[in-house]
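Subject: Structure for your review

Dear colleague,

Please find the structure below, followed by an account of what was found in it. I would be grateful if you could read the two side by side.

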Amino acid sequence: MAIGVFDSGVGGLTVHRELTRRFPDRDFVYLADQANAPYGGRGGEEIVDLTRAGCERLFDAGANVIVLACNTASAIALRRLQQSWVPEARARHGRPVNVLGIIVPTIEAATGLPWTYEAERHGDKVEAIDITGVFCTAATAMSRVYEIEIDKRREDLAVFSEPCPGLAGLIELGAPAEELKVVVEDHVDALRRRIGRHPDQAILGCTHYEIVADLFAAALPPGTPVIHQPTAVADALARYFERHPEYDLGGSGRRDFLTSGKPGPQSDLVSQFWGAPLTFNPA
């Protein structure tokens, strides 16, 4: 039995690495759907189907709890899977299983409020508004999940999403740092021009972007707070397991890495980020 981590590619390793630090004795299975990456430009139904297939593969591999370490999958597919597919999967596998996302913990970190909180609306004018910039895929931006969910909780936070098409793909391919730096700077400047100033805080709303978090930090004004999804997700998962002791998560410290794409060593960029060479096995 294990904790499963799913992403369209290698970006979810940013979350996976933090989870293995937080739960070093637990068993983990990571699945990258590299044959179909990236998800950001795909249609909604296709994203749901691909995410469901990936989760089923992880359940077959022994995962009991799966973390969708992909903002696109979390924004587009998670609710559908939780409502209509996970109950059927529990019955079919004959054990407690669940699929969790990374957007809820991110919004809790960005607002400083629990997910269950909703602000009371009195119609009063909000005197001061801070701006949260979200750098994300096109599909996540189109879902407007960050705008909608943050507004439910904080009237004093305005959200602007900046879609970054192609950036996840460049990171997946191990593009040179010089090329990635130009792309990141272009998107940070595009957001600045749209809102008339830099954001007061930023969310890296694609787990691939955490691999180049240093480039975003350099492109933003010094000291701009950046919400780091890996930490937020690890904190939320620890609370979840405290509430749900029924899950068997293994205890041998096993680490399996699977891919639907070409198995073998990953790019130098991923190896540098991970801190060691990383090889995926066929899914």
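Helices (H or I, at least four residues) and strands (E, at least two) are DSSP runs, numbered from the N terminus. On that basis, Glu18 belongs to helix H1, which covers residues 13–22. This is a predicted model, in which local features need pLDDT of at least 70 and side-chain atom pairs count only at pLDDT 80 or more, while totals for chains, interfaces and linings use all residues. Residues are numbered from 1 along each chain as its sequence is written, and side-chain values use heavy atoms, with hydrogens and water left out.

Individual residues

Burial is classed by relative accessible area: buried is under 20%, exposed is over 50%, and partly exposed is in between (1.4 Å probe, protein chains only). Glu18 has a relative accessibility of 16% and therefore counts as buried. Contact means heavy atoms within 4.5 Å. Not counting residues up to four places away in sequence, Glu18 touches Pro230, Thr231 and Ala234.

Gln229 is part of helix H11 (residues 229–243), and its relative accessible area of 1% makes Gln229 buried. With residues up to four places away in sequence set aside, Gln229 touches Asn71, Ile102, Thr106, Tyr146, Leu204, Gly205, Cys206, Thr207 and Glu210.

Phe160 lies in strand E6 (residues 157–163) and, at 27% relative accessibility, counts as partly exposed. Its contacts, not counting residues up to four places away in sequence, are Ile131, Thr132, Gly133, Val134, Glu147, Leu191, Arg194 and Ile195.

Nonpolar cores

A nonpolar core is a set of buried Ala, Val, Leu, Ile, Met, Phe, Trp, Tyr and Cys residues joined through side-chain atoms within 4.5 Å. The largest such core has 53 residues, and those with the most contacts inside it are Leu13, Leu19, Phe135, Leu167, Tyr209 and Phe216. Helix H9 (residues 177–195) gives the most to this core, namely six residues. Leaving aside neighbours within four places in sequence, Leu19 is in contact with Val5, Phe28, Val67, Val233, Ala234 and Leu237. Another core, of 26 residues, lies apart from the largest one and includes Val48, Ile66, Leu68 and Ala77.

Helix packing

Axes are lines fitted to C-alpha atoms, for helices over the stretch in contact, and angles run from 0 to 180 degrees between N-to-C directions. Angles under 35 degrees count as roughly parallel, over 145 as roughly antiparallel, 65 to 115 as roughly perpendicular and the rest as oblique.

Helix H5 (residues 103–111) packs against helix H7 (residues 145–153) at an angle of about 50 degrees, with their axes 10 Å apart. H5 and H7 are therefore oblique to each other. The contact is made by Ile103, Thr106, Ile107, Ala110 and Thr111 of H5 and by Val145, Tyr146, Glu149, Ile150 and Arg153 of H7.

The axes of helix H2 (residues 44–60) and helix H4 (residues 78–93) come within 12 Å and cross at roughly 25 degrees, which makes H2 roughly parallel to H4. Contributing to this contact are Glu45, Val48, Thr51, Arg52, Cys55, Glu56, Phe59 and Asp60 of H2, together with Arg80, Leu81, Trp85, Ala89, Arg92 and His93 of H4.

With kind regards
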